[in-house]
Amino acid sequence: MAQNYKLAETEARFADIIWEHEPVASMQLVKLCEERLSWKKSTTFTVLKKLCDRGIFQNVKAVVSARISREEFYAGKSREFVDEAFGGSLPKFLTAFIGKSRLSSKQVEEMKSLIESYREDE
């Protein structure tokens, strides 16, 4: 699995194209990147190789697919953010995220239910 969940803005746009169309033939990906990003073939393959080396995508027999889903990628990115910015403390993150706003009863119940579903058995 990918250990580095950081993508530059253009890498993220490129990744979104792959996730949107996977599995995608590499030459079709070149055409999509030319249309959406104004990239040349060489740029597409350079960035693709970089993201394949990082374990996010793979290019097997000229077919590009994800090694991790968009959801898995952004979940990992979120965990890295909480680790870096809040010392891994989810309560500190939630306090900062919520700030001075109030939660509705429905939001509180949804969060309680979510937390319960992830509770470790003691």
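Biologist: In this predicted model, why are α4 and α5 described as roughly perpendicular to each other?

Modeller: The axes of helix α4, residues 70–86, and helix α5, residues 90–98, cross at roughly 90° and come within 9 Å. Angles of 65 to 115 degrees count as roughly perpendicular, and α4 and α5 are therefore roughly perpendicular to each other.

Biologist: How do you know that α4 and α5 meet, and which residues are involved?

Modeller: Contact means heavy atoms within 4.5 Å, and by that criterion F81, V82 and F86 in α4 meet L90, K92, F93 and A96 in α5. By class, this contact of α4 with α5 has 6 nonpolar residues, no polar ones and 1 charged residue.

Biologist: What makes a residue part of the lining of the largest pocket, and which residues are they?

Modeller: Lining residues have an atom within 4 Å of a grid point of the pocket, and for the largest pocket these are A75, S78, R79, V82, G88, L90, L94, M111, L114, I115 and Y118. About 500 Å³ of space lies in this pocket.

Biologist: How do the lining residues of the largest pocket divide into nonpolar, polar and charged?

Modeller: The lining has 8 nonpolar, 2 polar and 1 charged residues, with Gly counted among the polar ones under the classes used.

Biologist: How do you know that β2 and β3 pair, and in what sense?

Modeller: Two strands pair if DSSP finds at least two bridges between them, and strand β2, residues 57–60, is joined to strand β3, residues 63–66, over 4 bridges in the antiparallel sense. As one example, N59 has V64 in β3 as its bridge partner.

Biologist: What do β2 and β3 form, and how many residues lie between them?

Modeller: The two strands form a hairpin with 2 residues between them. K61 is placed in the loop between β2 and β3, and its phi is near 50°, a positive value in a residue other than glycine.

Biologist: Which residues does a cis peptide bond join, and what is omega there?

Modeller: The cis peptide bond joins E22 and P23, with omega at about -10°. P23 is found in the loop between α1, residues 9–21, and β1, residues 24–25.

Notes:
Residues are numbered from 1 along each chain as its sequence is written. This is a predicted model: local features need pLDDT of at least 70, side-chain atom pairs count only at pLDDT 80 or more; totals for chains, interfaces and linings use all residues. Side-chain values use heavy atoms; hydrogens and water are left out. Axes are lines fitted to C-alpha atoms, for helices over the stretch in contact, and angles run from 0 to 180 degrees between N-to-C directions. Angles under 35 degrees count as roughly parallel, over 145 as roughly antiparallel, 65 to 115 as roughly perpendicular and the rest as oblique. On a 1 Å grid over the protein atoms alone, a cavity is a set of points where a 1.4 Å probe fits but cannot get out, and a pocket is an open set with protein on both sides within 12 Å along at least five of seven lines; lining residues have an atom within 4 Å of a point. Grid points are joined across faces, edges and corners, and a volume is the space filled by probe spheres set on the points.
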